[in-house]
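Please look at the sequence and the model below before reading on. The questions after it go from the whole chain to single residues.

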Amino acid sequence: MPANLMENGDIISLIHKGGIYIDVEGSTPQEIFEEISKKIDLPEGMTAEQISSALTSREQVLSTAVGNGIALPHARSPIMKTEDDQRIIIAYLKNPINMNAPDERDVYVMFILLTSNPQIHLKVLTSLAGLFRSLRFRKALEAKAGELELASLIRELDK
């Protein structure tokens, strides 16, 4: 990944690697993390329990809900061993949940960040924050847009 700001194409490739999951069940962040951790493709040597536990322990410190029904769950420290293992998992929840968001909206979509170092983690957060400012992007999320639609929109917003 470039040393300067992360390109939105990198966001697209991280989403492609992580996948998009629709109607993920759970009534608490922990239940959702457990459910999604069982479904995702993990790098060799990683277990669903490691992912779920890392996400849950971070969530217990402070909510990762950022507003507009969106949350950015992540581990407190980088959990992936290499840059190639990094990914963003998009989980559209079957039923929105309260995660104490600053705007008090229930969370309906999570962008779960699994990164290998703090610099990349911050670049991903910055890039996603820019996307979340776009009403068109948020509307696409509310409509549970798939990977191709999101990739197209990310490229368009990058212009």
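Predicted model: local features only at pLDDT ≥ 70, side-chain atom pairs only at ≥ 80, totals over all residues.

Q: In what order do the elements of the protein run from the N terminus on?
A: Helices (H or I, at least four residues) and strands (E, at least two) are taken as DSSP runs and numbered from the N terminus. On that basis the protein has six helices and five strands. Read from the N terminus on, the order is α-β-α-α-β-β-β-β-α-α-α.

Q: Which radius of gyration does the protein have, given that a compact globule with 159 residues would be near 15 Å?
A: The radius of gyration is taken over C-alpha atoms, and the globule rule is 2.2 Å times the number of residues to the power 0.38. The C-alpha atoms fill a box of roughly 40 × 35 × 25 Å along the principal axes. For 159 residues the rule gives a value near 15 Å, with which the protein agrees because its own radius of gyration is 14 Å.

Q: What percentage of the 159 residues in the protein is buried?
A: Buried means under 20% relative accessible area, exposed means over 50%, and partly exposed lies in between, with a 1.4 Å probe and protein chains only. The protein exposes about 8,000 Å², of which carbon and sulfur atoms supply 48%, the areas coming from the Shrake-Rupley method with a 1.4 Å probe. Of the 159 residues, the buried ones make up 50%.

Q: Among contacts between residues at least 6 apart in sequence, what percentage joins residues at least 24 apart?
A: A contact here means heavy atoms within 4.5 Å. Among the contacts between residues at least 6 apart in sequence, the percentage that joins residues at least 24 apart is 66%.

Q: Is the pair of F111 and F132 edge-to-face or stacked?
A: Rings of Phe, Tyr and Trp (its six-membered ring) pair if their centres lie within 6.5 Å, with planes under 30 degrees apart counted as stacked, over 60 as edge-to-face and the rest as tilted. The structure holds three aromatic pairs. In one of them, the rings of F111 and F132 have centres 5.1 Å apart and planes at 65°. This pair links F111 in strand β5 (residues 107-114) with F132 in helix α4 (residues 118-132), 21 residues apart, and the angle of 65° is why the pair is edge-to-face.

Q: Which residues form one aromatic cluster?
A: F111 is buried at 0% relative accessible area, and F132 is also buried, at 8%. The rings of F132 and F137 have their centres 6.2 Å apart and their planes at 35°, so this pair is tilted. F137 is buried with a relative accessible area of 0%, and the cluster is formed by F111, F132 and F137.

Q: Which residues does P29 touch, not counting residues up to four places away in sequence?
A: P29 has its place in helix α2 and is buried, with a relative accessible area of 18%. Its C-alpha atom is separated by 23 Å from that of E147, 118 residues apart along the chain. Not counting residues up to four places away in sequence, P29 touches E59, I97 and M99.

Q: With which residues is Q30 in contact, leaving aside its neighbours within four places in sequence?
A: Q30 also lies in helix α2 (residues 29-39), and its relative accessibility of 39% makes it partly exposed. The C-alpha atoms of Q30 and S53, 23 residues apart along the chain, are separated by 8.3 Å. Leaving aside neighbours within four places in sequence, Q30 is in contact with S52 and T56.

Q: What phi does E104 have?
A: E104 lies in the loop between β4 and β5 and is exposed, with a relative accessible area of 71%. N100 is found in the loop between β4 (87-97) and β5, and has a positive phi of about 55° although it is not a glycine. For E104, a residue other than glycine, phi is positive and near 65°.

Key
Residues numbered from 1 in each chain as written. Heavy atoms only, no water.
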